[in-house]
Amino acid sequence: MIRKVVALCLTLVPLTACQRETENKIAEFSGHIFVFNYRLSKANYVVTLRPLEQPLRPGTATAYFDNPRGGDPLVARQTLYPNMTKIVLESPDLQCVKEGNVYHIRVEIADPEGKARQTLETDVIATIDQSVLPAISLVVGPAYDLNPQVFKPNDAVDLSPVQGCPA
């Protein structure tokens, strides 16, 4: 009886070792946040990944971000190069981020032919409500001139937030 148990254990050990070897982690999350730019009235997700394989094999990293306004996920794509020490994915501009809400992010790392090699997932909790940002950029142009749509004649200022966000 003991010999059967020992034989079974010796049979299972190589299988678990093989399983670990085939688990190929290419990258891991090193950061994920919301970035609010008050001057430009923009909010974005920013995700950073730390490559675990060196050199990094060519391919792409594609991030799918929950859309706070609703609808299809927002997508960002980054080409991967062998000498990369950090992978940064920034979402398109967001609207309707709500403080306290949890937003999901999924990142797929693929080879040059598009075959998925690794999928990473995480959640980001908004600590600020986007209603603190005006709907229109405060500045325009390369010299950051005051936006005439916000700073109107007679010292009137329009800092109203984005309208039409889901409850």
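The structure is a predicted model, in which local features need pLDDT of at least 70 and side-chain atom pairs count only at pLDDT 80 or more, while totals for chains, interfaces and linings use all residues. Residues are numbered from 1 along each chain as its sequence is written, and side-chain values use heavy atoms, with hydrogens and water left out.

Phe34 is buried, with a relative accessible area of 13% (buried is under 20% relative accessible area, exposed over 50% and partly exposed in between, for a 1.4 Å probe and protein chains only). Phe34 is also listed, together with Leu49, Phe65, Val107 and Ile109, among the residues with the most contacts inside the largest nonpolar core, which has 27 residues; such a core is a set of buried Ala, Val, Leu, Ile, Met, Phe, Trp, Tyr and Cys residues joined through side-chain atoms within 4.5 Å. Two or more residues of this core come from each of strand E1 (27-37), E2, E3, strand E4 (74-80), E5, E6 and strand E7 (116-125), strands being DSSP runs of type E with at least two residues, numbered from the N terminus.

Five aromatic pairs are counted, a pair being rings of Phe, Tyr and Trp (its six-membered ring) with centres within 6.5 Å, and planes under 30 degrees apart counting as stacked, over 60 as edge-to-face and the rest as tilted. The rings of Phe34 and Phe36 have centres 6.3 Å apart and planes at 50°, so this pair is tilted, and Phe36 is partly exposed at 24% relative accessibility. The rings of Tyr45 and Phe65, by contrast, are stacked, because their planes lie at 15°, with centres 4.7 Å apart. This second pair links distant parts of the chain, with Tyr45 in strand E2 and Phe65 in strand E3, 20 residues apart, and both residues are buried. One aromatic cluster is formed by Phe34, Phe36, Tyr45, Phe65 and Tyr103.

The link is left-handed, with -80° about the S-S bond. Cys96 lies in the loop between strand E5 (87-90) and strand E6 (102-110), whereas Cys165 lies in the segment after strand E9 (145-146), 69 residues apart. Cys96 is buried at 4% relative accessible area, whereas Cys165 is partly exposed at 25%.

Definitions and conventions
A disulfide is a pair of cysteine sulfur atoms within 2.5 Å. Helices (H or I, at least four residues) and strands (E, at least two) are DSSP runs, numbered from the N terminus.
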